[in-house]
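Open the model in your viewer and keep the selection panel at hand.

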Amino acid sequence: MRKSIIAAAFASLAILPAAASGAEEPPHVDYSFAGVFGTFDPVQLQRGFQVYKEVCAACHSLKFVAFRNLGDAGGPHFTEAEVKALAAGYDVAAIDNETGEATTRKGLPSDHIPAPFPNEIAAKAANNGSAPPDLSLMAKAREGNASYIHAILTGYDHPVPEGVQVPEGGNYNPYFPGGVIAMPKPLSDGQVEYADASVPRTVDQYAKDVSAFLMWTAEPKMEVRKRVGFGAILFLGALSVLLYLSYRRVWRNVDH
Amino acid sequence: MASGHSNYTPSNGLTRWLDERLPIIRFANDNLLSFPTPKNLNYWYTFGAILFYCLVIQIVTGIVLAMHFVPNSALAFSSVEYIMRDVNYGWMLRYMHMNGASFFFIAVYVHMSRGLYYGSYKAPREILWILGVIIYLLMMATGFLGYTLPWSQMSLWGANVITNLLGAVLGQDFTQWLWGGFSVDNPTLQRFFSLHYLLPFVILGVSVLHVWALHHVGNNNPTGIDPKGPQDTVPLMPYYTAKYYFVITLFTIAFAVFVFFAPNLLGHADHYVEGNPLKTPTHIAPEWFLGAFYAMLRAIDFNLILDSKILGVLVMLGAIGILFIVPWLDTSRVRSANYRPVYWWCFWIFCADFAMLSWVGLQPAGTVLVQMGVAADGSPTGLNVTHLAQIGTLYYFAFFLVIMPLLGLFETPRTLPESIAQSVLKRGGAGTPAGAAAAPETRI
């Protein structure tokens with residue numbers, strides 16, 4: 001009786017349901033990084049980066065990610081040469097050392113991925129008045145995480161239900177709060193040429209890959225976090241057994 | 001019973017010399033080693049030690065985080081991401097600090113509930129209890145200030161909501177003084193950072209007074225009756241320190257599960273959206289540990305003499321303020337709920353009530369739980385979270401203002417044991433206590 005009350009009290013404190021947002025629940029996606037043993041699939045993250053680079057990057061920045069991060073283990077794990085080549089493919093703003101004038105130079109691995117627009121006003125002006133948000137943290141900034149992003153990207157072909165008004169420049173997407181999203185349908189089948197021909201070139205696959213990639217950009221230390229966690233819990237578990245035994249031994253002659 | 005129990009004898013010339021000038025070793029010996037502690041304390045009594053451990057975790061991780069954090073409205077959010085990505089083990093420090101706050105509050109709620117259950121606030125422990133309530137208040141303030149520092153959407157708008165609440169009672173001039181301007185902006189962040197760094201040390205100071213008060217009057221215990229002699233107590237070291245090491249390790253395991261495997265479970269997704277003063281989020285939620293008070297604030301959606309907004313703030317502040325006078329609201333002379341059959345029920349209902357309020361406070365206002373009809377505009381009507389908040393608030397105040405004073409007059413308590421030693425032996429403890437003379441002739 002008492003125990004169940006206590007358990008119920010704790011359960012209700014610990015489980016915090018997501019706030020109702022009026023949007024449909026994102027469908028479940030099997031990600032390699034789900035669960036306590038899950039890890040990122042570097043090949044999938046590389047494909048996801050390709051989708052970001054060829055599609056999303058036209059409008060969305062990724063400001064917290066540097067080129068060097070793309071070479072990280074526990075991430076896309078591009079080789080050093082690939083990272084250098086990737087970075088060199090971008091021009092980044094610089095100051096001329098001689099004249100002090102604004103100029104550009106080739107990107108270095110230490111540079112962050114350049115944003116598509118110079119500032120928010122330019123981003124707004126080019127996109128019907130609503131600036132495309134930065135994607136670095138998007139997978140953590142929405143309930144549903146990566147599967148929310150997957151749901152948004154694949155959610156464009158639903159018929160508009162009765163009673164929903166889609167204004168000019170808006171698009172119906174049931175997974176977006178309110179149902180109307182400013183972003184037009186970004187992906188279509190066959191749009192991105194994957195090097196590996198065995199991977200399907202479908203919107204669903206692109207959405208899975210880019211959402212996995214964005215989960216990594218949002219939580220780049222996930223693999224080391226889980227690894228350290230296992231070590232910590234194994235150690236603490238063993239320690240707690242020893243401490244329990246010593247506690248019992250200290251108290252062995254005391255009635256309590 | 002606890003004061004003046006000193007059994008410390010300096011063992012050599014140097015310690016004798018020191019003892020006559022600054023008896024610091026004696027102080028440590030009397031308070032940390034030989035302090036006589038009732039031998040029947042159960043696991044609920046370990047949360048004081050756990051709380052001290054939480055405070056140390058928060059201070060240590062916080063000091064290192066402050067080395068990397070930039071308290072500037074344009075840079076704060078990026079600097080948190082810099083900690084998460086580029087500082088060595090910065091992600092671990094931040095997740096420990098973030099979840100450490102939640103675990104601090106879990107522990108403090110257990111600790112306070114234990115006090116309420118075993119009547120630990122009753123004479124002579126009123127000051128001990130009041131110092132605890134002050135620590136709790138300081139913790140809430142510190143937790144709120146920390147919530148604002150990442151300068152996320154939740155930070156910015158949470159800061160707006162709370163400061164405007166204070167403004168509703170204290171006036172616009174006060175709010176502007178608090179903000180350092182005409183809105184929540186960079187000056188607000190900088191002063192909140194400064195105060196967030198200051199308050200934990202104030203908590204540490206009040207905790208020292210709290211422990212001083214505890215060690216002056218001695219621990220309460222599950223029977224609620226005072227120890228009658230050395231047969232009822234054991235020295236803190238090694239008996240309770242051994243227990244603390246074990247329990248703190250268990251607590252750390254639970255903490256590690258959150259830090260390493262569900263670090264964002266207790267937080268809100270909007271914490272990862274950079275603060276934007278031009279864009280109000282659809283739903284502003286406080287941290288879960290402030291949810292109950294936020295629920296009570298929102299429960300007052302009607303005017304009663306005062307405007308509902310001011311009344312709501314007063315109810316919320318009253319809910320915390322009432323804790324200060326608990327020692328004088330409870331009229332029962334029996335401390336422990338183990339011997340108070342009616343209070344036992346009222347106490348557990350109170351715990352469930354507080355848990356419910358904490359949950360309600362995080363739900364969007366007006367969320368319908370049981371639909372009973374449809375309003376003219378097509379939205380559902382029926383039992384909504386505000387109704388739950390109102391019922392919960394009513395019980396919260398009734399528990400303190402009606403149940404506590406009246407139960408002492410009407411409740412018939414169970415028979416108390418003669419002594420701690422007797423209650424221990426009755427429970428079936430076998431063997432002879434080391435160094436304690438049991439009194440088998442008084443057994444019932």
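A residue counts as buried if 20 or more other C-beta atoms lie within 10 Å of its own, exposed if 12 or fewer, and partly exposed in between, with C-beta atoms placed from the backbone. The model is predicted: local features need pLDDT of at least 70, side-chain atom pairs count only at pLDDT 80 or more, and totals for chains, interfaces and linings use all residues. Residues are numbered from 1 along each chain as its sequence is written, and chains are lettered from A and ligands numbered from 1 in the order in which they are written.

Select residues 91–95 of chain A, strand 1; of its five residues the number buried is zero, so the strand lies largely in the open. Helices (H or I, at least four residues) and strands (E, at least two) are DSSP runs, numbered from the N terminus.

A:D91 sits opposite A:K106. Six residues separate the two strands of this hairpin, and A:G100 in the turn has a positive phi of about 80 degrees.

Next, show both chains. Their contact takes 37 residues from chain A and 45 residues from chain B, where contact means C-beta atoms, placed from the backbone, within 7 Å. On the chain A side, helix 1 (2–14) and helix 7 (222–250) each supply at least two residues; helix 7 gives the largest share, 15 residues.

Finally, select helix 4 (residues 76–85) and helix 5 (residues 90–117) of chain B, whose axes come within 5 Å and cross at roughly 120 degrees. Axes are lines fitted to C-alpha atoms, for helices over the stretch in contact, and angles run from 0 to 180 degrees between N-to-C directions. B:V80, B:I83 and B:M84 of helix 4 meet B:G90, B:W91 and B:R94 of helix 5.

Conventions
Two residues are in contact if their C-beta atoms, placed from the backbone, lie within 7 Å. Two strands pair if DSSP finds at least two bridges between them.
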